[in-house]
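Welcome! Open the sequence and the 3D view, and let us walk through a couple of places together.

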Amino acid sequence: MRILAFSMMISALIALIIWFSMTPDVSAESIVLGETKLVENKPKAANEASESKVTESTPNEPIEKMHVETAAQNIAIGYRESLKFAPYSQPLTVNDEDRLNPNKFIPISTPLFGEEQSISLSLNKFRYIKPEPVEVWVEGEGIEKAQVQVGLVGEKKAIHRAEMQVIGGRAQIKLEAKQIPLGDISIKAIADVSGEEVILVAHAKYMQPSARLRGVASARIEQSDLVISLQMEVEEAGIYRVRANLYDEELPLAHLVGKRKLGEGGEIITLRAHQSVIPKSAKALALNTFVVERMSSVPGEGTRYGTSDIMEAALTDIDISKLDRTPYTPSEKELASLAFLEKLAGAQN
């Protein structure tokens, strides 16, 4: 229970810092110190139970405070380091798998009837934009035959069923757009493994595109930034965020993020790469791994995604020697977030 409570505490702390960085009108410090209250209606019994739990935990408060301060110190150190770089242009390494492969599907596996061997269900990605096909495969020894069933998450009825092709220890199938419903989809694989039935279920998203990235409209140097304008074709207006990775040949340099409110039709959205992530020796800059998001604008509305006509875009005719090599200066808001973290961590001025 102590480990769980500590984990929840750290998660809450991180969430608070992220929330603070995105919410300019409310002081995060005022919330922690109780000057701003988040009101939650609870039955009287629930309030009494909460008060009882607080009283019971009183003897452990010094330990919990120490844990919070230690966590805050670690977060503050990491945040202080991140402020050496612009938030729209964060450094990228070969170890940043979540940014290098943001749409990667993690296989679903289960052991085979108490044996050391296992069987796994995989998809070629997690998020699909219509009319992309969905590639499904099941791997493991002893697979004799397999069937796939496609439906919506939360619904028992299968919308499409099909037999999978079995070759060696792999059953596979490619599902076409007409066989897949829009929304959160459930893909169930039922495999006959050495006479035993094995069921594996995977979830993914299948969506209509909200926008399409057509290509790079221009690239230029503006003071300390390499500014890249992207041409968009928007089907549904809203606030859009576009992400891309900047490379020098095969070397990842930075993860770039741009955000802007876009109307329907042809629009431009801009990515910026600060000089701090572009080495003077860079020779062949290029963008890849584009992610187009239409962000939620009202409670309950999910994020929608767009697609890209380009997989990679070379940034030619860019003279990076013209970049102003002045270090990045954190904004007042970023410095305030750091000061809050250091205060929470018990740092001495």
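Start at Gly346, which comes after helix 6 and has a positive phi, near 80°. This is a predicted model, where local features need pLDDT of at least 70 and side-chain atom pairs count only at pLDDT 80 or more, while totals for chains, interfaces and linings use all residues. Residues are numbered from 1 along each chain as its sequence is written, and side-chain values use heavy atoms, leaving out hydrogens and water.

Now step back into helix 6 itself, residues 332–344. (Helices, H or I with at least four residues, and strands, E with at least two, are DSSP runs numbered from the N terminus.) The 13 residues of helix 6 reach 18 Å from first C-alpha to last, close to the expected 18 Å; the expected span is 1.5 Å times one less than the number of residues.

Which residues of helix 6 are buried? They are Glu334, Ser337, Leu338, Phe340, Leu341 and Leu344. They sit on the same side of helix 6 because they cover an arc of only 160° around the axis, taken from the directions from the helix axis to the C-beta atoms. On the other side, Glu332 and Lys343 are exposed. (Buried means under 20% relative accessible area, exposed over 50%, and partly exposed in between, with a 1.4 Å probe and protein chains only.)

Next, find strand 17, residues 285–294, where nine of ten residues are buried. Strand 17 runs antiparallel to strand 14, joined by eight bridges; two strands pair if DSSP finds at least two bridges between them. Strand 17 also pairs with strand 20 in the antiparallel sense over three bridges, and there Ala286 has Ala314 as its bridge partner.
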